[in-house]
Amino acid sequence: MTEVRTDWTREEIAALFDLPFTELLFRAASVHRENHPPEQVQLCTLLSIKTGGCPEDCGYCSQSVKADSGVPASKLMDVRSVLQSAAQAKDNGSQRFCMGAAWRNPKDRDMPAIMEIVKGVRAMGLETCMTLGMLTPKQADMLAEAGLDYYNHNIDSSPEYYERVITTRTMADRLDTLENVRAAGINVCSGGIVGMGETREDRVGFVHTLATLDRHPESVPVNALVPVKGTVLGDMLADTPLAKIDDIEFVRTVAVARITMPLSMVRLSAGRESMSEATQALCFLAGANSIFTGDKLLTAPNAGDDSDAALFAKLGLTALQQDEPMRACKSMEPAE
């Protein structure tokens, strides 16, 4: 396997971004093949279990109370409804069931229901992932006790660009939650969004922040901004050249994430529905090996199961069945 480094410098990461495109793809594909089955892609399903009404002011989010996006606030779904959705996801071939709640942080009164959901989904044989906002150490421990496999908490962008997107919490707040998740023994899912008007230097900073964590995230979602009308970024970028990141630059970001975090699952997330089949194919070549399936990602549109099945058939890809490399390595570590 490729050497796993956590001492990457920004200069080294910037140099990767600056490589000729074909050379960068060759290096990323080589790293990918050394550590992952190149023809297999992990299928994940994402469900919003509590939509809208979030007090945060994330400029990209249609679920923020600051957005005029028409997304109504709802209560936490009942356990039975969530489990029905999980069963359908498993029938459609998903390996992991991811659940998101539009909270700044969960209330302690919500935790018993959340734990029941985790236990129920795991009992189906699915991997579980939750994204609930910031967590206290106690809440992280409760999720670990319930058997949660992954916790998603994206860093969104570079430390420098972050404050231009969100003011209601800091990058340090996000990193604190990641530390709480790690300390509880839960696998980390953390990535971000590109195409928010940031520069390549910011994309370098975004990758650098993740690649220099003490342990790389097991999953790294790379989202392309979906500019929703009524959100700060959606309105600001509408009808401008910045409203959609250049496809080649997006592929470059995927490739650099693969090279710097060789064992992580790199996931194509939001924005994939607007990408051509050729762009998606380049992303898979560059080392992306996880996608969200289904017609919706929280409140954003997604490519859909039929479209994905057709693309997989065209590219000769199949669904991942085995454990991801970082989890496999972790299972072989001696108990403390």
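**Close-ups of a strand trio and a helix pair**

**View 1. Strands β2 and β3 (residues 127-131) pair in the parallel sense, with five bridges between them.** Strands pair when DSSP finds at least two bridges between them; strands are DSSP runs of E with at least two residues, helices are runs of H or I with at least four, and both are numbered from the N terminus. Look for Arg96, whose bridge partner in β3 is Glu127. This is a predicted model, where local features need pLDDT of at least 70, side-chain atom pairs count only at pLDDT 80 or more, and totals for chains, interfaces and linings use all residues. Residues are numbered from 1 along each chain as its sequence is written, and side-chain values use heavy atoms, leaving out hydrogens and water.

**View 2. Strand β1 (residues 40-50) runs parallel to β2, joined by six bridges.** Here Thr45 sits opposite Phe97 in β2.

**View 3. Strand β2 (residues 96-101) is mostly covered, with six of its six residues buried.** Buried means under 20% relative accessible area (1.4 Å probe, protein chains only). In a regular strand, side chains alternate between the two faces of the sheet. On one side of β2 you'll find Arg96, Cys98 and Gly100, and on the other Phe97, Met99 and Ala101, all buried.

**View 4. Helices α2 (residues 21-35) and α10 (residues 247-260) cross at roughly 40°, their axes coming within 9 Å.** The axes are lines fitted to C-alpha atoms over the stretch in contact, with angles running from 0 to 180 degrees between N-to-C directions.

Conventions:
Buried means under 20% relative accessible area, exposed over 50%, partly exposed in between (1.4 Å probe, protein chains only).
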